[in-house]
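Biologist: I am new to this structure. Can you show me how to read it?

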Amino acid sequence: MRSKQPVTRARIIEAAVLLTAEVGLEGWTIRSLAARLDSWPQVLYHHVGDRDAVAHAVVEEVVARFPLPDPELPWRPWFRELLLGARPVLREYRGVARRLALHGPTVPSALPIIDHGVALLARSGLGDEALAGYTFLLSGALSSIAIDDDRARLGVTPEMGDLTPHLHAGGEGLRAFGAALVRLEAGPDARETYAGYIHIYTIDRALDGIGARIAELTGDAGP
């Protein structure tokens with residue numbers, strides 16, 4: 001017997017967000033979501049729409065949870081704080097980063113971020129290139145997180161295989177690569193630590209690139 005507790009749009013989205021935290025954005029169906037609510041799929045279609053509409057609503061809720069930097073910050077610390085702060089949120093809700101990277105930030109909660117970020121880059125010297133610069137920074141950060149999500153979802157672990165003797169006997173670059181693989185084989189905590197390091201490195205080097213471009217355009221990369 002189905003529950004008589006009313007099923008509302010808000011309850012559906014809340015349940016979908018919780019399911020996403022448990023199994024990832026691609027890990028649930030309308031049927032499993034309806035079962036979580038002790039309801040019927042038709043009820044969900046009526047209140048929210050199809051699965052894509054529910055997923056879109058989940059993305060809206062997750063983006064709204066991003067910690068937003070102080071709007072008075074200069075461009076570089078503002079973007080660094082935004083992109084580093086978004087990672088723990090997105091990693092909690094696997095699959096949202098990939099959807100944002102593929103479909104773009106087409107949710108209302110992303111609009112103030114876009115507005116401030118693009119305007120900040122424009123004022124800092126990128127001018128007409130500000131939107132391209134913003135897209136470059138966000139795409140790199142989202143892609144980094146999406147790859148980490150996919151590896152976790154698929155249970156991908158590094159495999160040295162037949163490369164081991166070549167890595168140990170190789171030059172400095174191959175030995176460094178082999179040492180990194182050994183560290184990654186230590187377990188999921190080691191892999192997550194390294195993934196976090198790569199995410200920070202990706203963001204910092206992307207910010208370096210934007211700073212260099214601002215310097216080319218204005219003669220001053222700013223703070």
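Predicted model: local features only at pLDDT ≥ 70, side-chain atom pairs only at ≥ 80, totals over all residues.

Biologist: How many helices and strands does the chain have?

Modeller: Start with the secondary structure count. Here there are 11 helices and zero strands. Along the sequence the pattern is α-α-α-α-α-α-α-α-α-α-α.

Biologist: What share of the residues is buried?

Modeller: Burial is judged by relative accessible area, with under 20% as the cut-off. Of the 223 residues in the chain, 39% are buried. The chain still exposes about 12300 Å², and carbon and sulfur atoms supply 58% of that area.

Biologist: And the contacts? What percentage of those with a separation of 6 or more joins residues 24 or more positions apart?

Modeller: Look at how far along the sequence the partners lie. In this chain the figure is 68%.

Biologist: Now take helix α5. What is its span, and what would be expected?

Modeller: Compare the C-alpha span with 1.5 Å a residue. Helix α5 covers residues 75–92, 18 residues in total. Its span is 27 Å, close to the expected 26 Å.

Biologist: Which helices do the buried residues of α5 pack against?

Modeller: First, the buried residues: among them are Trp-75, Trp-78, Phe-79 and Leu-82, as well as Arg-87 and Arg-91. The buried set packs against α4, α6, α7, α8 and α11.

Biologist: Which residues make the nonpolar surface patch?

Modeller: Tyr-194, Tyr-197, Ile-198 and Tyr-201 make a patch of about 380 Å². Tyr-197 sits in helix α11.

Biologist: Why does Tyr-197 count as partly exposed?

Modeller: Because its relative accessibility is 47%.

Terms used:
Residues numbered from 1 in each chain as written. Heavy atoms only, no water. Helix = DSSP H or I, 4+ residues; strand = E, 2+ residues; numbered from the N terminus. Buried < 20%, exposed > 50% of the residue type's maximum accessible area, 1.4 Å probe, protein only. Contact = heavy atoms within 4.5 Å. Areas by Shrake-Rupley, 256 points an atom, 1.4 Å probe, with all protein chains shown as cover. Expected span 1.5 Å × (residues − 1). Patch = residues over 30% accessible without salt bridge, like charges linked within 9 Å, V, L, I, M, F, W, Y side chains within 5 Å. Salt bridge = Lys/Arg side-chain N within 4 Å of Asp/Glu carboxyl O.
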